[in-house]
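Please walk me through this structure, with the sequence beside it.

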Amino acid sequence: MMRVSLTGLAAGLMTAGLLAGAASAETVGCVDTAFKLLGANHKICIEAFDDPEIPGVACHLSQARTGGISGSLGLAEDPSRFSLACRQVGPITLPAKLPAKKEVFDASTGIFFKETRVVRLYDKKRNTLVYLSYSTKLVDGSPMNAISSVPVMPWTGNAPTAEVRN
């Protein structure tokens with residue numbers, strides 16, 4: 001009979017969640033928000049992801065990350081605080097059969113089943129893509145959430161790029 005430890009199971013679930021999120025998002029950067037003597041500092045990290053089915057739309061999601069020893073070991077639950085901004089970054093081509101609602105991103109934010117998810121909805125009347133981010137952890141009866149809207153408009157050319165200075 002095979003024995004599986006709770007720690008091993010939790011590590012496996014956490015690794016699977018991190019790998020799933022890493023495949024669909026890039027970390028843009030992080031800002032320390034609180035100093036921790038032992039372990040990593042508390043911080044806010046920004047991740048970028050493209051809508052997997054709608055070319056021309058990119059989203060940025062900022063999330064609080066817990067530091068300290070438990071955060072450094074991956075045992076802490078990140079707070080359910082985040083912000084979402086989605087923009088048109090190129091020509092938008094809507095598929096012929098666009099689902100009314102579709103999950104486009106998820107990231108593990110806790111050791112046991114807590115996630116931040118982003119769902120795309122289509123407001124046909126206003127020809128607008130609406131992105132809703134929410135936490136699977138309930139807070140006072142309803143999950144934390146944020147929205148961002150992207151009107152589907154003609155693309156007039158390439159977006160200007162900025163030179164990054166350190």
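Cys59 and Cys86 are both buried, where buried means under 20% relative accessible area, exposed over 50%, and partly exposed in between (1.4 Å probe, protein chains only). They form a disulfide, with their sulfur atoms 2.1 Å apart. A disulfide here is a pair of cysteine sulfur atoms within 2.5 Å. The link of Cys59 and Cys86 is right-handed, with 110 degrees about the S-S bond. Cys59 sits in strand β3 and Cys86 in strand β4, so the bond ties together parts that are 27 residues apart in sequence.

This is a predicted model: local features need pLDDT of at least 70, side-chain atom pairs count only at pLDDT 80 or more, and totals for chains, interfaces and linings use all residues. Residues are numbered from 1 along each chain as its sequence is written, and side-chain values use heavy atoms, with hydrogens and water left out.

The structure holds two disulfides. The other one joins Cys30 and Cys45, whose sulfur atoms are 2.1 Å apart. This link is also right-handed, at 110 degrees about the S-S bond. Cys30 lies in strand β1 (residues 26-34) and Cys45 in strand β2, so this pair ties together parts that are 15 residues apart in sequence. Cys30 is partly exposed, with a relative accessible area of 39%. Cys45 is buried, at 6%. Counting bonded cysteines along the chain, the pattern is 1-2, 3-4.

Now the overall layout. The protein chain has two helices and eight strands. From the N terminus on, the order is α-β-β-β-α-β-β-β-β-β. Helices (H or I, at least four residues) and strands (E, at least two) are DSSP runs, numbered from the N terminus. Of the 166 residues, 33% count as buried. Take contacts between residues at least 6 apart in sequence: 46% of them join residues at least 24 apart. Contact means heavy atoms within 4.5 Å.

A nonpolar core is a set of buried Ala, Val, Leu, Ile, Met, Phe, Trp, Tyr and Cys residues joined through side-chain atoms within 4.5 Å. The largest one has 20 residues, and Leu84, Leu129 and Tyr131 touch the most other members. Strands β3 (57-65), β4 (82-88), β5 (101-108), β7 (128-139) and β8 (142-151) each supply at least two residues of this core. Look at Leu129. Not counting residues up to four places away in sequence, Leu129 touches several residues, among them Ile54, Val57, Leu94, Leu98, Tyr122 and Val150.

Next, the rings. Rings of Phe, Tyr and Trp (its six-membered ring) pair if their centres lie within 6.5 Å; planes under 30 degrees apart count as stacked, over 60 as edge-to-face and the rest as tilted. By this rule there is one aromatic pair. Phe49 and Phe105 are stacked, 4.5 Å centre to centre, with 5 degrees between the planes. Phe49 is in strand β2 (residues 42-50) and Phe105 in strand β5, 56 residues apart, and the pair links distant parts of the chain. Both Phe49 and Phe105 are buried.

Finally, confidence. pLDDT is the predictor's confidence in each residue, from 0 to 100. Its mean over the protein chain is 74, and 63% of the residues reach 70 or more. Confidence is highest in β4, at 91, and lowest in helix α1 (residues 6-22), at a mean of 37. Over residues 1-23, pLDDT stays under 50, and the model has nine contacts beyond four places in sequence for them. Where pLDDT is low, the predicted coordinates should not be read in detail.
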